[in-house]
Amino acid sequence: MYRFLTTALFSTAIALGGASVASAQTHTVHADGQVFTVSVCGDTQSTGMARCHAHVVTDSSGNFKVKTTAPAITPNGWSPSDLHSAYATSATGGTGVTVGIVDAFGYNNAEADLQVYRSQYGLPTCTTANGCFRKLNQGGRAGPYPAQDSGWADETALDLDMVSAMCPNCKILLVEANNNGNANLATAVNVAINNGATVVSNSYGGGEGGSQTDESAYEHPGIAITASTGDEGFGAQFPATDPEVIAVGGTHLVKDGSTRGWTETAWNGGGSGCSSIYAKPAWQTGVTDSLCSKRMEADVSAVADPNTGVAVYGPANFGFHSSWLVFGGTSVAAPLIGGMIGSSGNYTGEGAELTYEIYGGNHAVVNDVTGGHNGSCGGTYFCTAGTGYDGPTGLGTPHGTSPF
C-alpha cells in the first residue's frame, strides 16, 4: 500500500463565474515505489459524496511533474501505441460508437486540452465542430456548466485521453455533474445514456451506504458501464460493486523480453472488495469462494500504478494552466477498458455478465495476472493476485477486444 509521506494543505482552484478562487483541500503526498503522487480529488470523503481515483506524479513536495508543449516534446508515461501493444488492441474500431464520460464539476478547457493530446499522438481530430465531441451538463444541455474544480478537471482530462487512446474513432460525450454528490453523478450517467452513449466510464466511487438509491442509473441492459475499484486496497466501492457494472482494478505494467513484450502484477494501491449489500450474481458463482458470500470486485483490470503511469495533458498544480503530466490510479484503468469496449463496437451484454461468460472462460483473450497484492489479507484472493480470478485484478487484463 501507499506509504504516507507528507500532509500538506494545497489550494485547489475552483472557478466561479469566470473568477478563480481557492478551496482548501487536504492532499497527502504519497511515496509509492519510485515516485511521489497526490490524489487530485483529495484524501477525504464525505457521506453521499464520491471521490475520483486519479493520482498525479509529483515531486516530494507535491508539485506536479510537468512537461510543457514545446515543439518535438516527448511526454513521459505510456502512450496510446504503448497501450495498444500491451493489450493487443487495435486503433481501427469504434466508428459510430459513443463513449460517455461522467465526471463532477466543470472543465472549460476540456475540448482544447483533448486536442493537444490527440494531436501529439496523431489521433483523429475530435471536436464539437466535426461532431465527435459533445459536452453536456447534468440537465442534458450544452451549458451552463458547473463551477470548475481543478482536481476533477484533471480527472476529466485523464478520462478523455484514455478513451481517446483506446478508441480514437469513437465519439466522446462528456457529462459534467453539478458536483461530486452521488445523486448528481447518477443523474449524469442517465443523461449520457439518454444522449446516445452505449459505453459509460466512471472513475470515481465511495462507500456502499445509501447506494441502492442510485443503483438504477448504473443498470441499463445492453450498455457497458465501467467503474474504478478505488485506490485504498481492499474495501468495497460503489458503483463498482453493482453487479451490472464492470468493476475495473489496477496493475503495474512494464515492458519485458517475453513473447507478449509486457508483464503485469497487481498494483499495491488498487481496490478490491466484497460487497456487504449486493448478492453474488449467478455468473460469479464458482469464481469466488465462500470467503465472500456476496458480489466480489474487481472483474477485469488494466494499468493503474503511477510508477508505470500514462501520459495525460491537463491542468497542472491545481490551477487551470495545462501541461503534460503522468497519471495513475484505477481512474486510468476504467476509461481504458471503456475505450476498448467502444473499439470492439459490438457490446451486447448486461453489466459484467458478458465479461465473465466470454472473458472468464477463454484464456486466449486474457492476460492472467498472477503476482502482486494490494494489502494484507492472509494470502487470500481478496487482495493477493494468483492464477485465475483474484480481487485486485479480477479475471486479468485484456488480450484484444474480443471479450467485449
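In this predicted model, Lys255 belongs to strand β13, which covers residues 246-255. With a relative accessibility of 51%, Lys255 counts as exposed, because the threshold for that class is over 50%. Once residues up to four places away in sequence are set aside, Lys255 touches Trp78, Asp82, Gly261 and Trp262. Lys255 and Ala86 are 169 residues apart in sequence, and yet their C-alpha atoms are 8.3 Å apart in space.

The protein chain contains six helices and 21 strands, and buried residues account for 61% of its 404 residues. Of the contacts between residues at least 6 apart in sequence, 72% join residues that are at least 24 apart. The average pLDDT of the chain is 88, and 87% of the residues score at least 70. Over residues 17-24, however, the pLDDT is below 50, and this stretch has 17 contacts in the model beyond near neighbours in sequence. Residues 1-7 likewise stay under 50 in pLDDT, and for them the model has 29 contacts beyond four places in sequence.

The side chains of Ser275 and Glu208 are joined by a polar contact of 2.6 Å. Apart from neighbours within four places in sequence, the residues in contact with Ser275 are Glu208, Ala236, Thr241, Lys294 and Arg295.

Among the helices, α2 spans residues 110-120, and its buried residues are Ala110, Asp113, Leu114, Gln115, Tyr117 and Arg118. The elements that cover these buried residues include the helices α1 (80-87) and α3 (150-166), together with the strands β7 (133-137), β9 (171-177), β18 (310-315) and β19 (322-328). Helix α2 is followed by Gly122, which has a positive phi near 70 degrees.

Two packed helices are described by the angle between their axes and by the distance between those axes. For α3 and α5, the latter covering residues 330-344, the axes come within 7 Å and cross at roughly 35 degrees, and the crossing is right-handed. On the side of α3, the residues that take part are Glu155, Leu158, Asp159, Met162, Val163 and Met166, and these meet Ser331, Val332, Pro335, Leu336, Gly339, Met340 and Ser343 in α5. Sorted by class, this contact comprises eight nonpolar, three polar and two charged residues.

Most residues other than glycine have a negative phi, and most peptide bonds are trans. In the loop between β18 and β19, Asn317 has a positive phi of about 55 degrees although it is not a glycine. Phe318, which lies in the loop between β18 and β19, also has a positive phi of about 55 degrees and is not a glycine. Asn317 counts as partly exposed, because its relative accessibility is 39%, whereas Phe318, at 6%, counts as buried.

Cis peptide bonds are found at two prolines, Pro144 and Pro239. The bond from Gly143 to Pro144 has an omega near -5 degrees, and Pro144 is placed in the loop between β7 and β8 (148-149). The bond from Phe238 to Pro239 has an omega near 15 degrees, and Pro239 is found in the loop between β12 (224-228) and β13.

Key. Residues numbered from 1 in each chain as written. Predicted model: local features only at pLDDT ≥ 70, side-chain atom pairs only at ≥ 80, totals over all residues. Heavy atoms only, no water. pLDDT = per-residue confidence, 0-100. Contact = heavy atoms within 4.5 Å. Buried < 20%, exposed > 50% of the residue type's maximum accessible area, 1.4 Å probe, protein only. Helix = DSSP H or I, 4+ residues; strand = E, 2+ residues; numbered from the N terminus. Axes fitted to C-alpha atoms, helices over the stretch in contact; angles between N-to-C directions. Left-handed = near helix turned anticlockwise from the far one by under 90°. Nonpolar A, V, L, I, M, F, W, Y, C, P; charged D, E, K, R; others polar. Polar contact = N/O pair within 3.5 Å; in protein donor to acceptor, adjacent residues only side chain to side chain.
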